[in-house]
Every structure is written in C-alpha cells, then in structure tokens.
Amino acid sequence: MSFIVSDEVQHKDGGPAMIVTGMASGMVECRWYDGFSVQREAFREEELSSLSSAARLAG
C-alpha cells in the first residue's frame, strides 16, 4: 500500500492513530500525540494500514 503525507494510519498490531509526515526508502515517518507530547517514529510501509483510505477514494 502506498501512503501520502497527511494520511491517517495505524500499526497493523494496533496502537494510536498516526499521521504520515514523510517517506523515504520504504520507510514511513509518522507522528502522533500520546497525551503528553508529540511522538515520532518510522515504520516499514507493510507494517501500517490506512485509516483514511475511504476519504481519499471519495475525494
């Protein structure tokens, strides 16, 4: 699955909803707010599922 910056995603194992902020070399950088601060981590593309694909298809 291919993501674009601003997509809302979630790790396939669960966890918080995250926003895609960048991509490079098959890695997807995501940010999310954990209730205390903004967190940032990069994941392999295949580890993530899209939460905003329906909105992207409709638009």
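In the predicted model, Glu46 is an exposed residue, its relative accessible area being 52%. The side chain of Glu46 forms a salt bridge with that of Arg44, with an N to O distance of 3.3 Å. Arg44 itself is partly exposed, at a relative accessible area of 44%. Two salt bridges are found when the whole structure is searched. Besides the pair formed by Glu46 and Arg44, a salt bridge joins the side chains of Glu29 and Arg31, where the N to O distance is 3.8 Å. Both of these residues are partly exposed: the relative accessible area is 26% for Glu29 and 34% for Arg31.

The strands provide the setting for these contacts. Strands of a sheet pair through backbone hydrogen bonds, in either a parallel or an antiparallel manner. In the present model, five strands are arranged as an open sheet with antiparallel pairing, and their order is β4-β3-β2-β1-β5. The edges of the sheet are formed by β4, residues 38–44, and β5, residues 48–50, each of which pairs on one side only. From one strand to the next, the twist averages 45°.

Within the sheet, strand β3 comprises residues 27–33 and pairs with β4 in the antiparallel sense, over seven bridges. In this pairing, Met27 is placed opposite Arg44 of β4.

Terms used. Residues numbered from 1 in each chain as written. Predicted model: local features only at pLDDT ≥ 70, side-chain atom pairs only at ≥ 80, totals over all residues. Heavy atoms only, no water. Salt bridge = Lys/Arg side-chain N within 4 Å of Asp/Glu carboxyl O. Buried < 20%, exposed > 50% of the residue type's maximum accessible area, 1.4 Å probe, protein only. Pairing = 2+ DSSP bridges. Helix = DSSP H or I, 4+ residues; strand = E, 2+ residues; numbered from the N terminus. Axes fitted to C-alpha atoms, helices over the stretch in contact; angles between N-to-C directions.
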